[in-house]
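Open the model in a viewer and keep the selection panel at hand. The stops below say what to select next and what is there.

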Amino acid sequence: MNAPRRLAPIAIGAAALLALAGCSGGNSANTDDSSESGGSLVIDTAFSIETTDPGHTYDPTGNMVAKALYETLVDFEGSDVTTPVPGLASWEQNDDATEFTFTLEDGRTFSDGSEITADDVVFSLQRIQGMAEAKPNFLLAGLTVEKVDESTVSITSETPLLQLPAILANPALGIVNADVVQENGGSTDGSDSAQSFLDGESAGSGPFVLDTLDLTSQVVLTKNPEYSGDEEPAYDRVVIRNVTESATQLINLQGGDTMVAMDLNGDQVEGLADGFTVESVPSGQTIFLLLNQSADVAGDLANVDISEAIRYGLDYDALLELAGAGSTQATGVIPTGFEGALDEGVTQDLDRAKEALAASGYNGETLRLQFPNDYPVGGVEFTPLAERIQAQLAEIGLTVELAPAPFATELDAYVGGTEAFGLWFWGPDYADSANFLPFGPGLKVGLRAGWDASANPEIADLAAAAASATDVDARTEDFTAFAEAMQEQGPFVPLIVPGRNIATTDAVTGAVYNSVWDVDIAEIAPAG
Amino acid sequence: MSAERRGDALAAAGWRTRMRWPRAWRSPLGIVGSVIALAWVIVAFTASWWVPFEPNAQVLPRLQEPGIDTLLGTDGTGRDIFSRLMTGATVTIPLALMLVVAAMVIGTVVGAVAGYFGRWVDETLMRLTDLVMAFPTVILAMVIAASLGPSLFNAVIAAIVVSWPQYARVTRSLVLGLRGQNYVIAGRLLGHSPLRSLTVDILPNIIGPVLVLATLDIGAAILLLSGLSFLGLGAQPPTAEWGSMISSAIQNFDAWWLGVFPGLAILTVVAAFNFLGDALRDVLDPTAEVSKENQADRAASATGTPA
């Protein structure tokens, strides 16, 4: 008889706990009434940003911010990255695809009100060319930028460069205000020191200006009052917050703390109830394994047989299971949807894997798999993926030890080419398959795997042929040949093209994924 | 019951303590703590033989709820949580015991030497101890683990470095009190070396409090190790360890069973060792035992005439 009475306080306590848990979304950020114009937009993403100086940025978050702060000569509409459209300028090219003439749009101004001239364009691009250590520097390698008149600029290349307009749409090549940047240390001769200035304020013509930058917690943008383009922003203030855990992004989104969550994984978006919009598309990014070909780093295992062993030793369907909505198997270094991509990916072949492993001279050593553990790509966490790779490789007799590290720590080892065995990702910088040529020997990503041009001259030649084609059809064939050769003899094992799930509350629209700059913040507007 | 106890009290005191558990062991918390701690220790040394699945085998469907096939559900890569939880005990508990013993030995030696020799030896060692104690424990452990490189072994080293000073402090104060005792002085006059004096005359008198401290510290050591693993500085994937299991549970926040069970494991084992330490303190503290006996006797006699 007494039992119900004793249960009552417990039930009340449990109810109170549940109620508290329900409140724990928090409301620390300013979410305002988003149905009115103005107000604040809050975006959660896992930061990958080193600076807001477009001349130095080269990371996904960095590109997204640069896209909001600066404008480029060429633009894309929405998520369509196959057709470049005029941005700050319209252009014409010659038949050899070596000379491009850009004509600036009239009446466009920087955030301080001054007009954008050919001098600004020439300075911006030459500044990056001058900074040999700047990450986007390679985008402009071999190009000559010249002023023709006050509103015309010509860009010439020694070799045919069909992809030039697509390259120029990269936010890293945003046009800066030459006068302001020069006053603050900017120069084109390589002695440029304007980065610290550009980390404090912006000097561009984009729809937003930089308010504050904190590389570890948040970037705050405010509306550019002098903006003269056609992408008038709907929000006065944008807060981009560093939320490294996708689970936290989900809680923030559900709790109304944020309006856009960039990195939810497949499991999480499936659980979202009504009131949220999810867009799942395959991203342009590829998650791959890298096997170093430099004897200094990988020792006796510096050969491509070991990568073949791993390529055929993996069960890709089981890996895809971890990646969730929107993701597909990577059929090669060129992801599906890009020119020259292979139709079929590798399927598991344990006999072939064991043969290749024997040929590689593998002798029971433990391979150390290095990967970033705090940076989900398209919602794919690297730690479970690495654990599954480890378990699968154990079946062909390859012992793997996992060595996770924070992104910021591990990036240096990856970029510096000191990883013997790594799990990384590659995202396109401009929407063209030429973007994946850096996997070739002696090129950017190839060198990170210690693979220099002399290691495989045939693939190096294929890459060079694809890069210098002037005819679109011939170029596609070159890309296909390159992708096939990489799957045969390359030091990379492409794994997954993760789906990109951008989840928003129903109160906002226009958050469209673009493989170059993630999301164009200016296109996000209140719904209705 | 009171008559029985009264009868016991009337019996020879020495006989009773030999035949029965000391009163402190019979306290409910002492019993609960001992049983749980013993159960975990047994699990820790036998789990690898009887868990239903290999802890790293990804053979089950992903994210299954707790049920009949998988007692505590499966995690995001299809591993059995129950097997991982039990295997986690084989990782954490022996290491925690080992690190407490190591910290106890180091701290006791430092404290005994400082207390016995005094003067500049005391000053030097104790200022060093203060130096380590001045840092917040977890932060210092993080710094050490991060600089040595993340691994379970380095986490243990880091934990030893931050836990020895409390033993040094306690031991020194005990030795300071004991070295002026007549029997210690007499031993010195008989020509005992400092080593013999410390081990024969002093050690038996300080071992009790130090053991109590060590038992209470096991819980803290398990928390510290799990905490470092949670932060990614201890056990590396795919090792089944409670802290790293909780850490990876964050990736699948909706699957409550991923984090709750490792959390409960930590809770029970830490609480158990704390109860055990409390009971041990009561047992090994003769004054506490005597005063409790007196109290009980007085209550039992119910004469209401305290001395």
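A crossing of two helices is called left-handed if the near helix is turned anticlockwise from the far one by less than a right angle, and right-handed if clockwise. Helices (H or I, at least four residues) and strands (E, at least two) are DSSP runs, numbered from the N terminus.

This is a predicted model, in which local features need pLDDT of at least 70 and side-chain atom pairs count only at pLDDT 80 or more, while totals for chains, interfaces and linings use all residues. Residues are numbered from 1 along each chain as its sequence is written, and chains are lettered from A and ligands numbered from 1 in the order in which they are written.

**Stop 1: the helix pair α11 and α13 of chain A**

Select residues 316-323 of chain A for α11 and 382-395 for α13. Their axes come within 10 Å and cross at roughly 165°; axes are lines fitted to C-alpha atoms, for helices over the stretch in contact, and angles run from 0 to 180 degrees between N-to-C directions. Angles under 35 degrees count as roughly parallel, over 145 as roughly antiparallel, 65 to 115 as roughly perpendicular and the rest as oblique. α11(A) and α13(A) are therefore roughly antiparallel, and α11(A) passes α13(A) in a right-handed crossing.

Show side chains for A318(A), L319(A) and L322(A) in α11(A), which meet P384(A), L385(A) and R388(A) in α13(A). Two residues are in contact if their C-beta atoms, placed from the backbone, lie within 7 Å. The contact of α11(A) with α13(A) has five nonpolar, no polar and one charged residues. Here Ala, Val, Leu, Ile, Met, Phe, Trp, Tyr, Cys and Pro count as nonpolar, Asp, Glu, Lys and Arg as charged, and the others, Gly among them, as polar.

**Stop 2: the two domains of chain A**

Colour domain 1 of chain A (40-255 + 501-526) and domain 2 (286-497) separately; the bounds come from an automatic or database domain assignment. Taken over C-alpha atoms, the centres of domain 1 and domain 2 of chain A are 29 Å apart. In the contact, 23 residues of domain 1 of chain A meet 20 residues of domain 2 of chain A. On the domain 1 side, β3 (80-86) and α4 (164-168) of chain A each supply at least two residues. That side divides into 13 nonpolar, nine polar and one charged residues.

**Stop 3: the seven-stranded sheet**

Which order do the strands of the open sheet of seven follow? In chain A the order is β8-β9-β10-β1-β11-β19-β12, with mixed pairing; two strands pair if DSSP finds at least two bridges between them. β8 (208-213) and β12 (276-282) of chain A are at the edges with a single partner strand each, so one side of each is left without a neighbour in the sheet.

Next, select β1 (residues 40-45) and β11 (residues 260-261) of chain A, which run parallel and are joined by two bridges. I43(A) has V260(A) as its bridge partner in β11(A).

**Stop 4**

The open sheet of four strands in chain A has the order β4-β5-β7-β6, and its pairing is antiparallel. β4 (89-93) and β6 (143-149) of chain A form the edges, each with a single partner strand, so one side of each lacks a neighbour in the sheet. Neighbouring strands of this sheet are turned by 25° against each other on average, direction ignored.

Select β5 (residues 99-104) and β7 (residues 152-157) of chain A to find five bridges; F100(A) stands opposite I155(A) in β7(A). Helix α3 (residues 118-130) of chain A lies across β5, β6 and β7 of chain A, at about 170° to β6(A). In the loop between β4 and β5 of chain A is A97(A), a residue other than glycine with a positive phi near 60°.

V74(A) stands opposite P86(A). Two residues lie between the strands, and G78(A) in the turn has a positive phi of about 55°.

**Stop 5: chain B**

Select α3 (residues 28-50) and α11 (residues 256-284) of chain B, whose axes come within 7 Å and cross at roughly 130°. α3(B) and α11(B) are therefore oblique to each other, and their crossing is left-handed. Finish at P238(B), in the loop between α9 (194-230) and α10 (242-249) of chain B: the peptide bond from P237(B) to P238(B) is cis, with omega near 5°.
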